[in-house]
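User: Hi! Could you walk me through this one?
Analyst: Happy to, have a look.
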Amino acid sequence: MDTSGSSGSGSSGSGTSEFERWRRKFALMTGLGGSQEERLADLEEHHHRTCEKWKRELMNYSPAVVFMLKHLRLSGCPVSSENIVCTPCDYNRAGGFVPELGVIALCQGKFFSRNHMEDTMVHELVHMYDHCKFKVDWTNLRHHACSEIRANSLSGDCKFTRELRRGQLAFSKQHQECVRRRAVLSVSANAACPDVAAAERAVNEVWDSCFNDTRPFDEIY
C-alpha cells in the first residue's frame, strides 16, 4: 500500500511539474500570468540557454571561430568553453574580454542573431589573441587602439549589413570609417583615456600598421 501510494503521488507530482513548466512558458510567451519576477527569471533562463546553444555550435562549426581557437592554441593560449561565458550584462554591448581572468563574456539577451554572436566572438577572440601573442598593455591607449582596430576590422563587426542596421550609411571607405569610429568609441571608454581627443589621437597614431595587420588571418574575411 505504501509503495502504491508513493507511486501515485510521484505521478501526480510529475504532472503538476509539467503543468507548471507549461504555465511558465505560456506566461513568458504571452506576458500573461505569473509574477514579474518569474517572467524576468524565465526570460533570462531562455536567453542563457540560447546563448549556450549558439556558443557550442559556433565553437564547433563556425569557420572564423574555429580558426581563431586554433591559432590561440598554436600561440600557447588554448581556449575552452569555460573561457567563454554566457552571462547577463548591465551595459549596452554584446560582449567583452576580461584580460585579468582570460575570459570572454557573451552578453546573453543582447544578440539579435547567431551571426551577431559569431561576429562578437571573433571580435573578442582577436583581443584574446593580441593579449596572448603581443602582451597588450590595456592601460596603454596605443596598445588598446591597435587591438580595437584589428578586432573591428577582422570580426565582421563592420560589414555593410551591420552598419546598415546601425543606421550608418557610407558608400566610400565604409569599412575603414566603421573600424575607426568603433575603435575611437572603445578607447574612449578606457579608464586611462582622459577624453575623446586622446582616443582619436591614439587611433590615428597606430592606424596604418594596425589596420594592415590581419594576423592570424591572411586577409580581412
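User: Which hand does the crossing of H5 and H7 have?
Analyst: The crossing of H5 and H7 is right-handed, that is, the near helix is turned clockwise from the far one by less than a right angle. Helices here are DSSP runs of H or I with at least four residues, strands are E runs of at least two, and both are numbered from the N terminus. This is a predicted model, where local features need pLDDT of at least 70, side-chain atom pairs count only at pLDDT 80 or more, and totals for chains, interfaces and linings use all residues. Residues are numbered from 1 along each chain as its sequence is written, and side-chain values use heavy atoms, leaving out hydrogens and water.
User: At what angle do H5 and H7 pack?
Analyst: H5 (residues 141-154) and H7 (residues 174-188) pack at about 140°, with axes 9 Å apart. That makes H5 oblique to H7, as angles under 35 degrees count as roughly parallel, over 145 as roughly antiparallel, 65 to 115 as roughly perpendicular and the rest as oblique. Axes are lines fitted to C-alpha atoms, for helices over the stretch in contact, and angles run from 0 to 180 degrees between N-to-C directions.
User: New topic: what is the strand order in the open sheet?
Analyst: The order of its three strands is S1-S3-S2, with mixed pairing; two strands pair if DSSP finds at least two bridges between them. The edge strands are S1 (84-87) and S2 (95-98), each pairing on one side only.
User: And how many bridges join S1 to S3?
Analyst: Four, and S1 and S3 (residues 103-107) run parallel. Cys86 has Leu106 in S3 as its bridge partner.
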